Amino acid sequence: MSSGISLEDLHLFHKIDREVFTRLVVYLCRNPAESLLVVSMWLWFEEEHLPSIIDKMVKLPNEIVNKLAEEGATCLKWIESKVPPSVLNDAGDMPLTSIILKRTVSFNMFYQQRFTMISGIKAFLNKVCAIIFADILHQTIPGQSRIRLNSPILIPGFPHPTFGPITVVPRSLDSIIPSKGLWGWSIKNDAQVDDRTMFLTFSRGFPVTEGEVKELFNSCYGVNCVEQVHMVPLTSSSDHSLYARMVVRDVSTIDQILCSGSIAKFRINGKHVWARKYERREHLDKFN
């Protein structure tokens with residue numbers, strides 16, 4: 001059954017998150033869009049059972065908080081990159097974050113699960129940060145304070161090329177935010193379809209069937225890991241396809257398939273299959 005929580009209670013629940021975000025955008029004058037993504041990433045860390053870096057930051061001086069934010073922003077740039085970070089710096093590229101978390105973390109470590117990470121950051125960005133930081137953004141982004149409550153405000157930097165759009169709507173504290181369960185933040189198994197989609201190509205003259213696609217990936221990455229396969233015929237009258245979209249049930253399967261690369265090559269029944277992450281901007285015309 002659907003329920004709700006007042007924005008005031010939600011602010012209290014996320015009091016520490018709001019304090020840290022305020023320090024980033026107000027006292028340290030960091031870019032609001034980047035700060036939204038960095039905090040969303042830190043929240044995703046907790047979802048992945050890492051210690052809460054945000055809780056530990058409350059008592060740290062601004063200089064250290066700023067350096068942690070710099071490491072976070074650099075990590076995000078690597079996650080967005082099509083080129084993986086060098087493994088040579090695996091132990092030392094997030095030194096301060098590693099100290100705070102009391103375990104070694106690195107750009108390369110996160111890059112190995114970058115599609116899972118991107119999907120998780122998107123979820124926290126839209127389901128949590130867009131709501132709990134709306135009033136702070138309303139007051140700190142130039143020109144937005146004139147916009148009335150319950151009207152979306154513009155966040156420069158969004159839509160983001162990797163993390164997509166964000167809708168930020170300042171509300172009164174007595175507003176009721178719809179939720180599922182106690183607090184409503186269910187991030188697991190909440191990936192958008194595009195985030196779980198791969199683009200497959202086949203060799204001309206060696207047609208691959210939908211059944212072969214499912215057999216190939218289900219046998220390699222777990223029974224029923226494939227949710228759907230959309231074959232794209234060469235022509236309206238052709239049964240043969242050179243392309244396909246494959247939707248998997250879990251984003252982590254895409255990370256497994258690509259293994260930190262951009263393209264993976266497979267072979268089934270003597271025929272080649274190339275797989276890469278689906279990007280709607282590139283292929284929208286092929287599937288409409």
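This is a dialogue on reading features from a predicted protein model.

Biologist: Before we start, what should I know about the model and its numbering?

Modeller: It's a predicted model, with residues numbered from 1 along each chain as its sequence is written. Local features need pLDDT of at least 70 and side-chain atom pairs count only at pLDDT 80 or more, while totals for chains, interfaces and linings use all residues; side-chain values use heavy atoms, with hydrogens and water left out.

Biologist: How many helices and strands does the protein chain have?

Modeller: Helices (H or I, at least four residues) and strands (E, at least two) are DSSP runs, numbered from the N terminus. Here the protein chain comes to 12 helices and 7 strands.

Biologist: And what share of the residues is buried?

Modeller: Buried means under 20% relative accessible area, exposed means over 50%, and partly exposed is in between (1.4 Å probe, protein chains only). Of the 288 residues in the protein chain, 48% are buried. As for surface, areas come from the Shrake-Rupley method with a 1.4 Å probe, and for residues only the protein chains shown count as cover. The protein chain exposes about 14700 Å², and carbon and sulfur atoms supply 53% of that.

Biologist: Let's take one residue. Where is S35 found, and what is it in contact with?

Modeller: Contact means heavy atoms within 4.5 Å. S35 is found in helix α3, residues 32–47. Leave aside its neighbours within four places in sequence, and S35 is in contact with F21, L24, V25 and R30. Its relative accessibility is 2%, so S35 counts as buried.

Biologist: Is E47 buried, exposed or partly exposed?

Modeller: E47 also lies in helix α3, but it is partly exposed, with a relative accessible area of 22%. For the chain as a whole, take contacts between residues at least 6 apart in sequence: 68% of them join residues at least 24 apart.

Biologist: How many aromatic pairs are there?

Modeller: Rings of Phe, Tyr and Trp (its six-membered ring) pair if their centres lie within 6.5 Å; planes under 30 degrees apart count as stacked, over 60 as edge-to-face and the rest as tilted. By this rule the count is 8 aromatic pairs. One of them is F45 with F110, a stacked pair at 4.9 Å centre to centre and 10° between the planes. F45 lies in helix α3 and F110 in helix α7 (residues 107–111), so the pair ties together parts 65 residues apart in sequence. F45 counts as buried at 0% relative accessibility, and F110 is buried at 1%. W44, F45 and F110 form one aromatic cluster.

Biologist: What sits over the ring of Y278?

Modeller: For a charge to sit over a ring, NZ of Lys or CZ of Arg must be within 6 Å of the ring centre and within 35 degrees of the ring normal. The charged end of R245 sits over the ring of Y278, 5.9 Å from its centre.

Biologist: Which residues have the most contacts inside the largest nonpolar core?

Modeller: A nonpolar core is a set of buried Ala, Val, Leu, Ile, Met, Phe, Trp, Tyr and Cys residues joined through side-chain atoms within 4.5 Å. The largest has 57 residues, and those with the most contacts inside it are L36, W42, F110 and I155. Apart from that core lies another, of 23 residues, among them F202, L216, F217 and V229. Back to L36: beyond four places in sequence, its contacts include F21, L125, C129, F133, L137, I155, F158 and I166.

Biologist: Which residues of α11 are buried?

Modeller: Helix α11 (residues 251–258) is mostly covered, with 6 of its 8 residues buried: V251, T253, I254, D255, I257 and L258. What covers them includes α8 (114–132), β3 (197–202), α10, β5 (241–248), β6 (264–268) and β7 (271–277).
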